[in-house]
Amino acid sequence: MHLHAITLDLDDTLWPMAPTLRRAEACLQDWLHKHAPATVAMHDKAAWLALRRSVVADRPDWAHDLSALRQETIRRALLAGGDEPALAVPAFEAFYAARQRVDLFDDVLPALARLAARWPIVALTNGNADVNRVPGLGQYFHAALSARALGLAKPAPAAFAAACQRAGALPSHTLHIGDDPALDVDGALAAGLQAAWVRRPDLPAIGVPGGQPQHVVATLTELADRLGV
């Protein structure tokens, strides 16, 4: 089938998410130690998780917006600790800046250079990474769409439709690349796109898709080879 555009997941497709998140959370805690020590003193890991669960339960309308959920969790922690709740804004910014410091898989930049030379690439993520803040990455993207900006998340068909529209291609002529069997592979196939499942051997397995992707690869280099670029 003809290919006119690519949509591309970010977390655990272009970089491992777990170490990125650990680093960002450590930066947040460092910031809070300096500016809101009382909040840090009364919140261990279990308390932060409980706060997060309460925010998720109270704000189901934010299910697609990880940034809003994170900032509100920080705000509630600050309130409970007797610190200024307005500090949630700069505290989140400290977290968010660290969130953009990712360790790209070795194959990513060379493979993206090959793919972007042939097709427009649109980032489509449920997370809050910003390709334009990751050094060397933004140049390969025609556009970037997040669940927060769209108001909905993968696997919603409308998320994939919006990405195809930004790429200027029909869904049937668009290949979505991602690591998640349900969100990326089955979501793309249900929305009428082609799908490439990136199964990186260094990451834990998270199940298998219900549908059959057109490509199953371990790296983006392998995918670029298959696509003949």
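In this predicted model, the axes of helices α6 and α10 come within 8 Å of each other and cross at roughly 25°. Because angles under 35 degrees count as roughly parallel, α6 is roughly parallel to α10. Two further helix pairs, α1 with α5 and α4 with α5, are described below, together with the largest nonpolar core.

**Helices α6 and α10**

- The crossing in which α6 passes α10 is left-handed.
- On the α6 side, the residues in contact are Val 108, Ala 111, Leu 112, Arg 114 and Leu 115; on the α10 side, they are Leu 220, Thr 221, Ala 224, Asp 225 and Leu 227.
- By class, this contact of α6 with α10 comprises seven nonpolar residues, one polar residue and two charged residues.

**The largest nonpolar core**

- This core has 30 residues, and those touching the most other members are Leu 14, Leu 112, Leu 137, Phe 141 and Ile 177.
- At least two core residues come from each of the strands β1 (5–8), β2 (121–125), β4 (174–178) and β5 (194–198), and likewise from each of the helices α6 (108–116) and α10 (220–227).
- Apart from neighbours within four places in sequence, Phe 141 contacts Leu 8, Leu 10, Leu 14, Leu 112, Ile 121, Val 122, Ala 123 and Val 131.

**Helices α1 and α5**

- Helix α1 spans residues 17–35 and helix α5 spans residues 88–99; their axes come within 8 Å and cross at roughly 150°.
- Since angles over 145 degrees count as roughly antiparallel, α1 and α5 are roughly antiparallel to each other.
- Their crossing is right-handed.
- Residues of α1 in this contact include Met 17, Leu 21, Leu 28 and Trp 31, while α5 contributes Pro 90, Ala 91, Ala 94, Phe 95, Ala 98 and Arg 99.
- The contact of α1 with α5 consists of 12 nonpolar, one polar and three charged residues.

**Helices α4 and α5**

- Helix α4 (residues 66–81) packs against α5 at an angle of about 130°, and the two axes lie 9 Å apart.
- The helices α4 and α5 are therefore oblique to each other.
- The crossing of α4 and α5 is right-handed.
- Ser 67, Arg 70, Gln 71, Ile 74, Arg 75 and Leu 78 of α4 meet Ala 88, Val 89, Ala 91, Phe 92, Phe 95 and Tyr 96 of α5.
- Eight nonpolar, two polar and two charged residues make up the contact of α4 with α5.

Definitions and conventions. Residues numbered from 1 in each chain as written. Predicted model: local features only at pLDDT ≥ 70, side-chain atom pairs only at ≥ 80, totals over all residues. Heavy atoms only, no water. Core = buried A, V, L, I, M, F, W, Y, C linked by side-chain atoms within 4.5 Å. Buried < 20%, exposed > 50% of the residue type's maximum accessible area, 1.4 Å probe, protein only. Helix = DSSP H or I, 4+ residues; strand = E, 2+ residues; numbered from the N terminus. Contact = heavy atoms within 4.5 Å. Axes fitted to C-alpha atoms, helices over the stretch in contact; angles between N-to-C directions. Parallel < 35°, antiparallel > 145°, perpendicular 65-115°, else oblique. Left-handed = near helix turned anticlockwise from the far one by under 90°. Nonpolar A, V, L, I, M, F, W, Y, C, P; charged D, E, K, R; others polar.
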